[in-house]
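Below are some comments on the model you sent. They are set out as numbered points, in the order in which I went through the chain.

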Amino acid sequence: IEEERSELGKNFCRGCGYCKPCPADIDIPTLARMRLLLTRGVWWREIQPDAQANYAKAENCIQCGDCASRCPYELDPAALVAENYVYYRQFVAEKEAADNT
């Protein structure tokens, strides 16, 4: 448990969903936890074309702050989404490159 706690730190999304709804229709809880989903979950589902289209909505964040104002853990969900989306795009690119070899 201590190893998990150390790895996650205090700045991680618990997926409670209080940040929703997003005016830009971004799936904040999923994107804010994307690194965990890709490293601990069934990643191939997350890189299917329909999932990629859904997660690309992260690029439409208008930085309104609505999500942060509703987060009971006082996180910055928009920043978590942006950070995890960069990781997601790199992950997808690596998997696509591996498939093309």
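Predicted model: local features only at pLDDT ≥ 70, side-chain atom pairs only at ≥ 80, totals over all residues.

1. Pro21 sits in the loop between α1 and α2. Most residues other than glycine have a negative phi, and most peptide bonds are trans.

2. Gln63 is not a glycine, yet has a positive phi of about 55°. Gln63 belongs to the loop between α5 and α6, and with a relative accessible area of 58% it is exposed. Glu74, also a residue other than glycine, has a positive phi near 55°. Glu74 is placed in the loop between α6 and α7. Its relative accessibility is 74%, so Glu74 counts as exposed.

3. How many salt bridges does the structure hold? There is one. The partners are Asp25 and Lys57, and their closest N and O atoms are 2.8 Å apart. Asp25 is partly exposed, at 49% relative accessibility. Lys57 is partly exposed as well, with a relative accessible area of 25%.

4. On the cysteines, the disulfide count comes to zero. Cys13 is in no disulfide; the nearest cysteine sulfur belongs to Cys19 and is 6.0 Å away. Cys13 is buried, because its relative accessible area of 13% falls under the 20% limit. Cys64 is partly exposed, with 39% relative accessibility. For reference, a disulfide is a covalent bond between the sulfur atoms of two cysteines.

5. The largest nonpolar core has 25 residues. Those with the most contacts inside this core are Ile26, Ile28, Leu31, Tyr55, Val81 and Tyr88. The elements that give two or more residues to the core are α2, α3 (34-40), α5 (49-55) and α7 (77-99). Which element supplies the largest share? That is α7, with eight residues.

6. Val81 and Ala58 can be taken together. Leaving aside neighbours within four places in sequence, Val81 is in contact with Ile26, Ile28, Leu31, Ala32 and Ala58. Under the same exclusion, Ala58 touches Ile26, Leu31, Val81 and Tyr85. Ala58 lies in the loop between α5 and α6 (66-70). Is Ala58 buried or exposed? Its relative accessible area is 12%, so Ala58 is buried. Between Ala58 and Tyr88 there is a separation of 30 residues in sequence, and their C-alpha atoms are 11 Å apart in space.

7. Thr30 is a polar entry to check. Thr30 lies in helix α2, which covers residues 28-32. With a relative accessible area of 14%, Thr30 is buried. Apart from neighbours within four places in sequence, Thr30 is in contact with Leu37 and Tyr55. Tyr55 is also one of the residues with the most contacts inside the largest nonpolar core.

8. On the surface, Val42, Trp43 and Trp44 form a nonpolar patch. Together they have about 290 Å² of accessible area. Trp44 is part of helix α4, residues 43-46. Is Trp44 buried or partly exposed? At 49% relative accessibility, Trp44 counts as partly exposed.

Methods. Residues numbered from 1 in each chain as written. Heavy atoms only, no water. Patch = residues over 30% accessible without salt bridge, like charges linked within 9 Å, V, L, I, M, F, W, Y side chains within 5 Å. Areas by Shrake-Rupley, 256 points an atom, 1.4 Å probe, with all protein chains shown as cover. Salt bridge = Lys/Arg side-chain N within 4 Å of Asp/Glu carboxyl O. Helix = DSSP H or I, 4+ residues; strand = E, 2+ residues; numbered from the N terminus. Buried < 20%, exposed > 50% of the residue type's maximum accessible area, 1.4 Å probe, protein only. Contact = heavy atoms within 4.5 Å. Disulfide = S-S within 2.5 Å. Core = buried A, V, L, I, M, F, W, Y, C linked by side-chain atoms within 4.5 Å.
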